[in-house]
2 protein chains.
Amino acid sequence: MSLVVQKYGGTSVGDTDRIKRVANRIKMYYDQGHDLVIVVSAMGHTTDQLVDMAAALNPNPKPREMDVLLSTGEQVSIALLAMALDHIGVPAISFTGGQVRILTDKKHSKARIQDIDTTRLKQSLGERKVCIVAGFQGVDEDENITTLGRGGSDLSAVALAAALEAKECEIYTDVDGVYTTDPNKVPSAKKIEHICYEEMLELARLGAGVLHSRSVEVASKYGVVIHVRSSFNNVEGTLVVPEDSIMEKVAVRGVTLKSDDARISVLDIPDRPGLAADLFNRLARADINVDMIVQSTGKDGRNTISFTVPATSVGVTREVSDSFLKEMGGGTIDVQENIATLSAVGIGMKSHSGVAGAMFEALAKNNINIEMISTSEIKITVVINKEDGRKALEAVHEAFELGK
Amino acid sequence: MSLVVQKYGGTSVGDTDRIKRVANRIKMYYDQGHDLVIVVSAMGHTTDQLVDMAAALNPNPKPREMDVLLSTGEQVSIALLAMALDHIGVPAISFTGGQVRILTDKKHSKARIQDIDTTRLKQSLGERKVCIVAGFQGVDEDENITTLGRGGSDLSAVALAAALEAKECEIYTDVDGVYTTDPNKVPSAKKIEHICYEEMLELARLGAGVLHSRSVEVASKYGVVIHVRSSFNNVEGTLVVPEDSIMEKVAVRGVTLKSDDARISVLDIPDRPGLAADLFNRLARADINVDMIVQSTGKDGRNTISFTVPATSVGVTREVSDSFLKEMGGGTIDVQENIATLSAVGIGMKSHSGVAGAMFEALAKNNINIEMISTSEIKITVVINKEDGRKALEAVHEAFELGK
């Protein structure tokens with residue numbers, strides 16, 4: 001039997017009854033003879049409660065102390081799950097991030113894993129114990145507790161799977177898997193059976209919430225197969241796999257819609273080298289997260305640069321752009337907040353031609369106007385009016401027959 | 001300015017407002033130029049909540065996992081207190097038991113401290129940071145988290161004070177100090193200003209709740225002065241000091257009353273060497289906590305052995321004693337559950353004569369019958385009827401003028 005790494009999120013271990021259910025699922029695997037490393041998150045709303053207490057004491061707590069505080073959430077979960085397993089006859093042992101030496105850099109609250117020492121895990125696995133590891137946390141070289149930031153527990157699980165050379169890393173969550181699009185928006189959305197790392201990365205970056213892009217990156221780097229599935233049933237979920245193990249390379253694997261961006265256009269600027277670099281360096285220094293960038297040349301050798309930023313950054317972006325134009329001497333700014341960005345992602349775009357055309361056609365048929373277009377090797381993104389968002393999503397989802 | 005170790009119990013850090021109050025007290029000391037090491041317990045009822053969750057999953061959880069679970073309580077406290085200090089301009093850094101290497105043996109839930117590495121604390125103190133250390137917890141040589149059992153946070157504080165050669169260890173609690181007797185039972189009870197280790201040890205063993213005997217033992221061994229005081233006011237509390245630094249060695253320092261014991265008498269047994277050893281070995285093997293033991297020789301060379309045990313152990317004690325008598329061939333058992341044990345403790349007994357006489361006289365004057373007597377160098381204990389307990393306590397407290 002093989003080694004399986006499983007990760008259970010906060011909802012799956014939300015209370016003692018759910019912890020019992022998770023223990024029973026683990027027992028099933030254990031009884032089949034598998035070696036098991038289990039990664040758990042903090043129980044349900046524990047983290048929120050800890051954050052509230054911290055906020056009552058210090059509006060701006062030091063990240064180091066925040067990490068000491070938050071890491072207790074996962075520590076509670078590992079101990080309780082080990083007890084629950086022990087009670088149903090499954091030998092188990094818990095480990096904090098520090099105890100299995102998930103060594104990270106010193107960037108508190110968003111640390112990066114540098115190394116994992118698997119000695120102790122392998123020893124416990126050799127004694128046929130289920131190893132329960134606290135997700136989301138590690139230690140730096142000076143034994144300070146660090147946390148890994150958003151999606152941290154997934155990352156812990158994938159990194160452990162890589163370090164232990166596990167064939168598969170099961171990520172248990174409260175949905176059945178990764179869908180062709182958000183089922184709450186498009187009822188015909190279908191669960192994806194296989195998706196490759198590149199596709200999943202694009203979808204994750206576009207905010208398809210199930211997996212965080214960092215864990216997909218690590219999985220891709222070490223060839224760990226991720227199985228995203230629900231802890232509330234036994235249905236097979238979505239397998240995230242290397243590109244070459246996918247038989248059917250469809251043109252479009254999934255479609256996403258984001259409605260929280262704004263479009264900024266800086267119009268009528270001279271076509272001089274270095275101007276774009278200057279603008280985006282200023283925006284970066286102001287900590288503005290620029291997403292799409294499109295530049296087009298207008299008449300008289302004057303340029304237009306359009307880009308999207310989070311709607312919450314519009315004010316600062318306008319200030320930075322204004323001062324940029326003032327120093328440049330000229331140009332105007334146009335801001336459109338009422339936009340949505342629609343993306344189609346698929347590894348098959350590399351070889352299939354006509355994907356962009358088919359997408360634009362589907363939108364045109366529905367009288368949806370395209371404001372911006374940006375394409376990458378496996379992604380096509382368009383900016384449209386926000387009110388057209390839902391309709392456009394449905395149209396593109398149907399055009400590529402994703403609901404079938 | 002000197003190094004001060006302070007320990008704040010669970011009530012003192014019971015909620016975020018109380019944590020703020022503790023932070024302000026620490027700031028006062030910090031601003032005076034003191035170096036500070038602060039030991040904190042888990043917030044108020046945190047431990048109970050964790051124990052309840054564990055109980056819902058496993059009626060008999062492994063002590064190792066219980067320690068992983070419970071140690072999170074103190075970890076939450078240290079982070080929050082560090083944040084609260086930081087917010088009022090006091091640089092602070094938190095440490096778990098493991099991070100300052102409070103090295104213990106492997107006896108989970110009742111571990112003993114073996115060593116403390118003060119390197120990291122000294123370094124942080126050198127940077128003028130307040131060091132906040134999680135009480136009650138340590139690690140064994142394999143990085144497993146251990147806890148120190150009852151009174152564990154006091155023990156952490158005293159051990160840290162010893163390791164750092166601090167002059168004083170302040171134990172903040174919800175009472176003003178150590179009293180001549182329980183003020184809830186005797187309103188004229190007075191706070192003791194100075195008490196020596198030996199006296200405090202006897203009082204602690206007799207259940208005078210403020211300090212646990214283990215921390216007094218360590219303080220005594222390393223000459224650490226303990227200052228027991230309230231975190232809710234600025235009143236001086238009780239100083240626990242070496243015998244030779246106490247000027248006034250009173251005959252009786254304090255009086256205690258326990259009402260949860262039972263007296264067992266094994267009557268009419270032969271006066272043969274080894275019989276008592278046999279009986280008490282059997283009781284020890286049955287895990288019965290025997291307190292007082294009195295043996296007297298009766299007529300015809302037959303003996304009576306009387307002893308006290310916790311009232312909850314009466315059933316088992318009777319069984320063990322019965323089988324002892326059966327094998328011996330003879331003797332009877334008498335059980336009296338309705339008893340109280342009254343003790344007077346004072347280092348002055350070593351030199352003052354007549355203390356026992358004065359005590360018995362006070363009881364006789366109040367028509368209180370004495371059932372058993374046991375004396376040590378600095379303690380006299382009598383067993384009386386439970387219903388006489390309160391009256392006897394008052395009488396003895398008054399006889400030695402402790403309320404003055």
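**Questions on a predicted two-chain model**

Me: Where is B:Asp260 found in chain B?
Reply: B:Asp260 sits in the loop that runs between β13 (254-258) and β14 (261-270) of chain B. The model is a predicted one.

Me: Why does B:Asp260 count as partly exposed?
Reply: Its relative accessibility is 47%. Buried means under 20% and exposed means over 50%, with partly exposed in between. B:Asp260, at 47%, therefore counts as partly exposed.

Me: Which residues does B:Asp260 touch, leaving out residues up to four places away in sequence?
Reply: B:Asp260 touches B:Val309, B:Pro310 and B:Ala311. A contact here means heavy atoms within 4.5 Å.

Me: How far apart are B:Asp260 and B:Pro61 in sequence and in space?
Reply: The two are 199 residues apart in sequence, and their C-alpha atoms are 28 Å apart.

Me: What makes the phi of B:Arg128 worth a remark?
Reply: Phi of B:Arg128 is positive, at about 60°, although the residue is not a glycine. B:Arg128 is placed in the loop between α4 (119-126) and β6 (130-134) of chain B.

Me: What is the phi of B:Asn367, and where is that residue?
Reply: B:Asn367 is a residue other than glycine with a positive phi near 60°. Its place is the loop between α10 (355-365) and β19 (372-376) of chain B.

Me: How do you know that chains A and B have the relation of a two-fold axis?
Reply: Chain B can be laid on chain A by a turn of 180° and a shift of 0.1 Å along the axis, with an RMSD of 0.1 Å. That is the relation of a two-fold axis. In chain B, the C-alpha nearest the axis belongs to B:Thr72, 2.7 Å from it.

Me: What makes you say that the copies meet through the same surface?
Reply: Of the interface residues of chain B, 100% are also interface residues in chain A, so the copies meet through the same surface.

Me: Which residues of chain B does A:Glu65 touch?
Reply: A:Glu65 touches B:Ala79, B:Ala82, B:Met83, B:Ala92, B:Ile93 and B:Ser94. A:Glu65 itself is in helix α3 (residues 63-87) of chain A.

Me: Why is A:Glu65 called buried?
Reply: Its relative accessibility is 3%, and buried means under 20%. A:Glu65 therefore counts as buried.

Me: What is the volume of the largest pocket, and what lines it?
Reply: The space in the largest pocket is about 990 Å³. Its lining has 34 residues, and A:Gly149, A:Arg150, A:Gly151, A:Gly152 and A:Asp154 lie nearest its centre. The elements giving two or more residues to this lining are α2 (46-57), α5 (152-163), β9 (168-173), α6 (197-205) and α7 (213-222) of chain A.

Me: How is the lining of the largest pocket divided by class?
Reply: There are 8 nonpolar, 16 polar and 10 charged residues.

Me: What is known of the second largest pocket?
Reply: The volume of the second largest pocket is about 830 Å³. It is lined by 31 residues, with B:Lys7, B:Arg150, B:Gly151, B:Gly152 and B:Asp154 nearest its centre. In chain B, α5 (152-163), β9 (168-173) and α6 (197-205) are the elements that give two or more residues to this lining. By class, the lining has 9 nonpolar, 16 polar and 6 charged residues.

Definitions and conventions:
Residues numbered from 1 in each chain as written. Chains lettered and ligands numbered in written order. Predicted model: local features only at pLDDT ≥ 70, side-chain atom pairs only at ≥ 80, totals over all residues. Heavy atoms only, no water. Least-squares fit on C-alpha atoms with pLDDT ≥ 70 in both. 1 Å grid on protein atoms, 1.4 Å probe; cavity = no way out; pocket = protein on both sides within 12 Å on 5 of 7 lines; lining within 4 Å. Points joined across faces, edges and corners; volume = space filled by probe spheres on them. Helix = DSSP H or I, 4+ residues; strand = E, 2+ residues; numbered from the N terminus. Nonpolar A, V, L, I, M, F, W, Y, C, P; charged D, E, K, R; others polar. Buried < 20%, exposed > 50% of the residue type's maximum accessible area, 1.4 Å probe, protein only.
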